[in-house]
Amino acid sequence: MPGRYYPFPDSYCQWMRASRLLSILLLLQTHGRLTAAELAQRLEVSVRTIYRDVESLHASGIPLYGEAGHAGGYRLVDGWRTRLTGLTAEEAERLLFAGLPGPAAELGYESVVATLQLKLRAALPPPLADRAAQLQQRFHLDTPGWYSDGDPSPHLATTADAVWRQQRIRVRYRSWQGEVIRVLEPYGLVLKGGRWYVVAARPERAEPATYRVNQILELTILDEPFDRPTDFDLPAWWRAHVVEFRARLHRDEAAIRLSPRGRDRLREVGSDAVVAAVDRSAGPPDDAGWVRAVVPIESLTHAHGDLLRLGAEVEVLSPAELRARLADTAAALAALYAPAQPVPVVG
């Protein structure tokens, strides 16, 4: 109903508050002194909320005090710091993976991250530690898809080591053109949809490219350090790469007819772009409920495989070559599954 108020679940609000309390603690530890207004601006909450949070930190035993005046603000008692400073250099390097146990294990960081998680929890006051434990039991990130256990590769940990040390690698790689030998300068690793990619440049080419790690058949770390470009931003480069990839993904079109069942099935197995194209271009249904639509396709080969997943619930109207390929496949399937002819009895 319009105007009706739907509150967030209590558990979500409690988690947000616990996260904010920890942020206040770390901000003060980092900056020394901050006013309530500065904390409110950084955390995007009201000053009154900061006042309540500071009282909660006091009640939890955090040695925090406020100073009045123009140069005042909140600060921690001199010399007091959280036990987060007890992290080793390796643990600090693996901090990014504290909430990603699956990828951390694949990279060979499992034991380090487990120790890091224990130290992080031990560094928190009891109320925040309890909230952190509850959060771990309520939110879980599982990166692989339903029909795959991920993207295992015997060379993933070695690739990560070369990325970190900025050492060139020689790989035997299975590309779409066949096996090739490449010398690469690995800039970074990306986990996308449960699959690991290394973004790397070749010494003879300045522009980096992506290589799927589990397609590396052999890998040798060379005794050849390289200079990673200081202005290379891995997240920004990857975002641009994804945009470019999607822009060139669907360059052709196909006209199709879809049954009501086929349209429902398409929402399960089709890409977002194809589903949106059907919703946008579908005409009125005929007497049997079928609709006509125009959908983007990457290539005849990809479209052939994708549309076969819809079985007899889709008909390709054009292009003619795609229609012919599907017809040939249908004929081959019909012949394969045709009932065996009885052997005539002689005499």
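## Conventions

In the residue classes used here, Ala, Val, Leu, Ile, Met, Phe, Trp, Tyr, Cys and Pro count as nonpolar, Asp, Glu, Lys and Arg as charged, and the others, Gly among them, as polar. The model is predicted, so local features need pLDDT of at least 70 and side-chain atom pairs count only at pLDDT 80 or more, while totals for chains, interfaces and linings use all residues. Residues are numbered from 1 along each chain as its sequence is written, and side-chain values use heavy atoms, with hydrogens and water left out.

## Largest pocket

A pocket is found on a 1 Å grid over the protein atoms alone: it is an open set of points where a 1.4 Å probe fits, with protein on both sides within 12 Å along at least five of seven lines, and its lining residues have an atom within 4 Å of a point. Grid points are joined across faces, edges and corners, and the volume is the space filled by probe spheres set on the points. The largest pocket holds about 2,200 Å³ of space. It is lined by 47 residues, of which Arg 195, Tyr 197, Phe 245, Leu 249 and Glu 298 are the closest to its centre.

By class, the lining of the largest pocket is made up of 24 nonpolar, 9 polar and 14 charged residues. Helix H9 (residues 234–249) provides the largest share of this lining, 7 residues; helices (H or I, at least four residues) and strands (E, at least two) are DSSP runs numbered from the N terminus.

## Salt bridges

A salt bridge is counted when a side-chain nitrogen of Lys or Arg is within 4 Å of a carboxyl oxygen of Asp or Glu. This rule gives 13 salt bridges. Arg 172 takes part in a salt bridge with Glu 179, with the closest N and O atoms 2.7 Å apart, and in another with Glu 218, at 3.2 Å from N to O. For accessibility, buried means under 20% relative accessible area, exposed over 50%, and partly exposed in between (1.4 Å probe, protein chains only). Arg 172 is partly exposed at 24%, and Glu 218 is also partly exposed, at 45%.

A salt bridge between Arg 325 and Glu 321 has an N to O distance of 3.2 Å. The two residues are separated by about one helical turn, because they are 4 residues apart in helix H13 (residues 320–336). Arg 325 is partly exposed at 30% relative accessibility, as is Glu 321 at 45%. Elsewhere, salt bridges with shared partners join Arg 257, Asp 286, Glu 315 and Arg 323 into one network.

## Aromatic pairs

Rings of Phe, Tyr and Trp (its six-membered ring) pair if their centres lie within 6.5 Å; planes under 30 degrees apart count as stacked, over 60 as edge-to-face and the rest as tilted. The structure has 5 aromatic pairs. The pair of Tyr 173 and Tyr 211 is edge-to-face, because the ring centres are 5.4 Å apart and the planes are at 85°. This pair links distant parts of the chain, with Tyr 173 in strand E4 and Tyr 211 in strand E7 (residues 209–212), 38 residues apart. Tyr 173 is buried at 10% relative accessibility, and Tyr 211 is buried at 11%.

Phe 232 and Trp 237 form a tilted pair, 6.3 Å centre to centre with 45° between the planes. Phe 232 is buried at 14%, and Trp 237 is buried at 17%. Ring pairs link Phe 232 and Trp 237 with Tyr 187 and Phe 226 into a cluster.

## Backbone details

The peptide bond joining Ser 318 and Pro 319 is cis, with omega about 5°. Pro 319 is in the loop between strand E11 (314–318) and H13.

Glu 44, a residue other than glycine, has a positive phi near 60°. Glu 44 lies in the loop between helix H2 (36–43) and helix H3 (47–59) and is exposed, with a relative accessible area of 73%. Gln 166 also has a positive phi, of about 55°, although it is not a glycine. Gln 166 is in the loop between helix H8 (156–165) and E4 and is partly exposed at 28% relative accessibility.
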